[in-house]
Structures are given as C-alpha cells and as structure tokens.
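Biologist: I am new to this structure and would like a close look at one part of it, followed by its setting.

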Amino acid sequence: MDTFFAPTSLAVYGLSPKARNTPRTIVANCLRWGYRGRILGINPAIDETDVDGIRVYRSAADLPLVPDLAVLLIPARFVLEAVADCGRAGIKRLAIQTGGFNEASGAGRELAVQLLALARSYGMRFVGPNCLTMADTVSGLCLPFVPSFPVRQGSFSLITQSGGTGIFLWNLLETEQVGLAKFASIGNKLDLDECDVLEYLGTDPATKVIGLYLESIDNGRRLVELAERIDKPVLLFKANTTQAGNRAAMSHTAALSADDAILDTALERAGILRIDRLRDFVTTAKAFDLPPMRGNRIMLMSPAGGLGVIMADVSERQGFACADPGPAVFEDLAEMTRADIIQVQNPLDMGDIYRVDKYPQIFSRLLASDQVDAAIFASQRPLMPAGGEDAYTGMFSCDPTLAVAGAVRSSGKPMALVMYGDARTVAAMKEQSPVPVFDGVGEAIGALHRQMRYHARKAAGPFRFDPSAAGFAAGQIEDWLRDRSGVVGEEALELLACCGLAGPASGMARTAEDAAELAARIGPPVVLKVASPEAVHKTEVGGVLIDIDSPAEAARGFDRIRANLERHCPGARFDGVRVAAMAPAGHDLFIGGLQDPAFGPVVLFGHGGIFVEVFQDVQRILAPSSLAEITRKIERLRSAPLFAGVRGRPPVDPAPFVRAVLAVAQLLAEFPQIAELDVNPFRLLDQGGALALDARLRIDVGQKE
C-alpha cells in the first residue's frame, strides 16, 4: 500500500496539452502539493511532447523507467487496453478513476469482470474504478481530478466510497482546522477495498484517527477483525441503511434481523465508533486531539446561565454525571463573584465572576480535582459595533483558547471549548487556537462521549470468545446436516439437545394412534404441535393444542391439527404431530441465528413467545461469543427486570439462558450450513433450569463449510 500513497514515480494516462484535459489537473495538483517523485505522461494519440514540463510517451513500454503507480482517467472503452499496456511494461499498481464499470449498465458490469481478470493475469492490484483514488499530505501525492490547493497536514485519514462526499469532507476538515494525513477514495472497490486500506492505515505512523464513509460493506467480518487489532480510533458513517426487506421470512430471526441492527452489533464488537452526521467526523477528530477521558464526571461552565442548563441536559442524556469538585473549590470560586447573586455549583454560571482574567486559574483548579474527569466551557464572541467591546470591561480581556490550553496541559484531562458568535470571528479563533474549538455544546458533548467510549472499550481489552462453549456431538450433527436441506421443523429439537439445550420428553406421531400411544407413555398433560415446513408460525394455523389430558384426546387432537393445517394452508405438507410433556411455568425467551452475508453468523436473543416480533426486545451478538458478552447484552433487555421476580413471580437465574445462547452461537459458527435458526420459546423455568420448547431451522447445503 505504500506504493499507492507514496510512489517514487508516477505515470498519468491520457495527459495532453489540451486546455481542459483532466489528467493535467492531476499533474497540477501533485505539483502544487509538492510531490517529490518523478511524473511521466502516457498518451498513444500524440507524439512525444512536454505538457506542463512533463514528458509524454506513446506507451508504457517507451517510458525510461517502470513507474511505481499508473493513474488512469480515460474513457472506459480504452481502460482494458491501457491496463494491458501497463502489465506488459511491468507496472504493478494502478489508480483507476474512470467510471462506467460495475456501477453502470450490463456492459459496464461485463467490462468490470474483464478488468479484474486482466489485472489478475498480470499480478496487478488497483484502486477503483469510479473514484478519486489517493492523496497523501506527507508524500505530496494528490491524484483527485478536482483542482486542489495543499491542505493542512495532520493525523486524520479518510477512506471514502464516494468521491464527491470525500471532497466535501476534505474541505470541511480544512475549514475546521483538522489536518489530513491520507485520503483514499475507493469507489467500486472492485479490487482493493476499505479493509485493505484500513489495515495499512492501522500501521501508518502519520495516521492517528481513521474515518470511513461507506455505502456497502461486503467483508464485514474482516472489517471487525481488523478494527479489533488496530490501536487507533475508527469512525464509520454508513450510508444506504434503509432496510432491504428481501430476507426470506422463514423465521422470527429473519424478521428481526435488520441489516442496520446487525451492523451496530458488529461495530460494538470491533470498537468502531458509528456516527450519523458527516460533521461528526470533524467533531470527533477534534475530541481525539484532546487527552483521553477516563471517567464520566464532567464540569460544565459558561458565562451564560442558559447554556449551562442546556449542557446539563445534553450531558445527562449522554450518560455523563455533573462532577462535584468539592466545597473547598466552590468556596474559592464564590470569592470571585461580583454580586453574590448566583449559586456556585455545577453547571457553573460564570456570568457573575468579575475577574475574567482568573479564568486560567479557575479552569486549572477545576481540572486538577480528582473528582473531575473533563470539562466544557461554552462562551460567545458576538459581533459588536466599533468600540462596543470597551463597554464590557474585562469581558473579552481573557483569551479562552489559551486558558483552556493551559488547563489541558497542566491536568492531562480533556476540556472542550465551545464558542458561539460571528462566523468570521469564530473562524479566526479556530485558526489561531492551540486547542480545538467546537461550534455547539451538543457536538462537543457528543464528541467527548465517543472519545470516552473508545477509551473504555480499549481499557476492557480485546474480545475473547469461549472456544469450548458447546460440547455437542459434531459428528452426529454433520451426518444429520448432510442428509437434509430446506426447512427443518420439530426435528431441530433433537439437534439442539446435542448442544445442551434440553427439551421436554417428546416424540413424533405420524398417526392418531401414535399420538395416543405417546400421550400415554409420556403421561398427561401433553401438548400437541404440528410438524410442517409450511407452518412457519404454528399458532397461526391452529397447530398447537395444550393441556391434552388423555390418550383419546391426543388422538382427536391429532386429527384436529391436521384439519386445521389443511384449512389454513391447503396442500401443505403434513409430517405429523409432536407430542410433548407440558413444560412447567417460567419465562418464555427467544434465541435465533442466521448467516449474515457480510458479518457471518449472528445470534439474536431476548423476550420470546408469540409476540417476539411485536415487542422486538432482542439483543444481538456476532458468533462465536463469550459468557461475558452475552451476560452484558442480556442485562440490556427491557425484560431483564423480570428475572429478579415481579408481581409475585419468583426470581430466576438467567445462567441457563446465557449458556444456551453461547451454545447456539458456537453451533452457527461451526456449521454455516445452518442458514437460519429459531428456538422459541426457550423457557427459563421458575423452578430452575430451562427447556427448549420449539425450534425451527433452515439448511443451505450449498453453503461452504
């Protein structure tokens, strides 16, 4: 990847002396940015000539050297020929900016297939097509074909799937005085994708914070694994989040498996910070320019009392607590008040503090307290007529940027400076400030919260799954899966029993006589449940009968269930009726799983029963998992207080539920042939223990093992 960001030599295809020749813009950008490598031009349509001091050759074979990187911004119909020209000359790295490939028509998609195959045949790697490719403020490389002045060098690197959005963010970073390290516009990511660039940036010494703008994630599992290893903040803005709605509704799991919810689950595992506003790239990068926030106790200050109230509201919603630096600190602050009419507390209304020149001491004293983890100071610089500031003696005599910078340096703690006012005045302050300046209390508090979450996640250490989670009989499961495909109903309980999810005593009845015999053997009362791949939800087709208290009633129930199925689903396959012992009372829970195309096996679990899709009280994990992760997620369920016992119900131990979820996670991780799985209800018994009462799964025998 070094070759893409810092090539020692560069060949630009299509360079010509025409006034509006777009490759000339690429060359001009590199020259303005101070690119120190050698630049060469290639254009089969013209004789050798100089363009802006750059020698142009007819083919790559004519070049005096083999360049590290070739840039292609030529019509799509000429790209394959140019790639072959590069391949024959030994060029191994390409930046293909041309559009008209797999984002376009059927012909474009076929062209993309040919491009990838051709590059592979020559051992080439490329970025693109349909993108702006690379820029690097260290090497001076600037390949985007949008005219660009040099930008501020810094430590924020951006990977973007959209070139236009990338340029918007590029300019926003510059306006907000956030320095850029590297820029990668990956477009169609036909070859190299965000994971390849992320892996490189994770080791890049110039990069401290990484931003990702993505519209699709094809290799989510690798993205998670990379982010877990990288010791740098990774921010993600994911566009195109509307629910696709194209999952087959075989199960509750499918109905509950919104892509965006799975993405959130994956990002939490990886420690990636998800943002939902493009501007949050900037505000969060600013927060990481401050020292790390190690706790949630925050000191709020402003000369405007209303801003203090607003900050308190926003801070509480973000999970922060108003810090209490102690009475001695507040007593010292009280001596500085002007009229003694404002109570000294947190939030601190500084409008009554006469000695504005004491702000540096105030900030440093507060941050020095062991009871304070961070602080925010919000003020304003309104536009005033000439001489207006003189009317406010002392109001503007203290430069807040210097006061905040001093407090941050002396304490090693973060302090966010929020400044409202005239845009030109605030912009000038940002330009000169030694610390980040935020435009609003909401964005400052949100950015600090993301910074705190990142450091808390890193302090917790990397995720470790439990490798011996499920002691099921792998050989038996493999044999069972090998012989089946499609939807599996009641027999799934036998599979789950191998994984430690016990069910009630039961058997499959193929006839009414079988049902009577099983009811007698198991002992009443029993429950009857239809076995049919077409009966997705048994209760909706009259396929469940409970409290059957005799063999004769079981026989009649068998015929009734078969008739109900035919009435609700004419022609449906009827495999029989499962006769099972009635389970004792308890809490009905849900465990489900599926194979996500981007993130692999995902397990969902939570409140169960027939209303699982209505209440959607579920949590999600990537599989495999750990007891600690599952326990933490179960505590987030809205129904979690039920385990403690309510309204006369006894408390129950959720440990069997945790172990069952862990076993299902291991099952899906080891057997990707299981495309979907529902265990509902999974009953956590009042008397202790648990039972899997019903299950359903779908097998995809074409899935790679």
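In which helix does Glu81 lie?

Modeller: Glu81 is part of helix α3, which covers residues 79-89. This is a predicted model, in which local features need pLDDT of at least 70 and side-chain atom pairs count only at pLDDT 80 or more, while totals for chains, interfaces and linings use all residues. Residues are numbered from 1 along each chain as its sequence is written, and side-chain values use heavy atoms, with hydrogens and water left out.

Glu81 has a relative accessible area of 56%, so Glu81 is exposed (exposed is over 50%, buried under 20%, partly exposed in between, with a 1.4 Å probe and protein chains only). Leu115 is 34 residues away from Glu81 along the chain, and their C-alpha atoms are 9.7 Å apart.

Now the chain around this helix. The protein chain has 23 helices and 31 strands; these are DSSP runs numbered from the N terminus, helices being H or I of at least four residues and strands E of at least two. Of its 705 residues, 55% are buried. The C-alpha atoms fill a box of roughly 95 × 85 × 40 Å along the principal axes. Taking contacts (heavy atoms within 4.5 Å) between residues at least 6 apart in sequence, 72% join residues at least 24 apart.

Next come the spaces in the model. On a 1 Å grid over the protein atoms alone, a cavity is a set of points where a 1.4 Å probe fits but cannot get out; a pocket is an open set with protein on both sides within 12 Å along at least five of seven lines, and lining residues have an atom within 4 Å of a point. Grid points are joined across faces, edges and corners, and a volume is the space filled by probe spheres set on the points.

The largest pocket has a volume of about 740 Å³. It is lined by 33 residues, with Thr539, Ile610, Asn680, Pro681 and Asp694 closest to its centre. Elements that each supply at least two lining residues include β23 (526-531), α21 (612-615) and β31 (695-699). Strand β29 gives the most to this lining, five residues.

The whole structure also holds three cavities of 30 Å³ or more. The largest cavity has a volume of about 60 Å³. Its lining has 11 residues, and those nearest its centre are Val488, Gly489, Glu491, Pro533 and Asp575.
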